[in-house]
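Please walk through the structure below, starting from a pair of strands and moving on to the charged side chains.

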Amino acid sequence: MLGMIDLRGAIAAIEHLQQWDYGDETIDAALTNGYVYDRIPAGRTDRIVEDDGSPYALTYNARFGYVSLLRRYPDEPEPNLARTSRAVSTQPAQSRKPAATWVSDRAQSSNKAGTAVSL
């Protein structure tokens, strides 16, 4: 994969690695195994490439020889809660933008030790 990144670029690597994304199965495996992140996991020397308009992010490090593809998926919206009349807030309501969560699938990482699950 690192050779492909050198020859064809990171976007080509993202497109290639997408074939190991199995949709809900990948998300379920990531949730079951704890490979879910609030932000892209990367070390200080890792390169991060995001493709605009795509839910994927690629992290890689040529020095340590690994590549990891992660997919963003939106968090589930909070359930509607029943209103009560017990308390009234005088502070303005703040809207909360749903956070993105990053998941990945370890099986396709070129270096599996200590890395995020890669697609």
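**Strands and salt bridges**

In this predicted model, Ile48 stands opposite Thr59, a residue of strand E3. Strand E3 covers residues 56-61 and runs antiparallel to E2, with four bridges joining the two strands. Together E2 and E3 make a hairpin, with five residues between them. In the turn of this hairpin, Gly53 has a positive phi of about 80°.

The next topic is charge. Side chains of opposite charge can pair when their charged atoms come close. How many salt bridges does a search of the whole structure find? The search finds two.

Glu50 lies in strand E2, residues 47-50, and its side chain meets that of Arg72 in a salt bridge, at 2.8 Å from N to O. Arg72 belongs to strand E4, so the pair links distant parts of the chain, 22 residues apart.

Asp21 forms a salt bridge with Arg71, and their closest N and O atoms are 2.5 Å apart. Asp21 sits in the loop between helix H2 (10-17) and helix H3 (24-33), while Arg71 is in strand E4 (residues 66-74).

Terms used
Residues are numbered from 1 along each chain as its sequence is written. This is a predicted model: local features need pLDDT of at least 70, side-chain atom pairs count only at pLDDT 80 or more; totals for chains, interfaces and linings use all residues. Side-chain values use heavy atoms; hydrogens and water are left out. A salt bridge is a side-chain nitrogen of Lys or Arg within 4 Å of a carboxyl oxygen of Asp or Glu. Two strands pair if DSSP finds at least two bridges between them.
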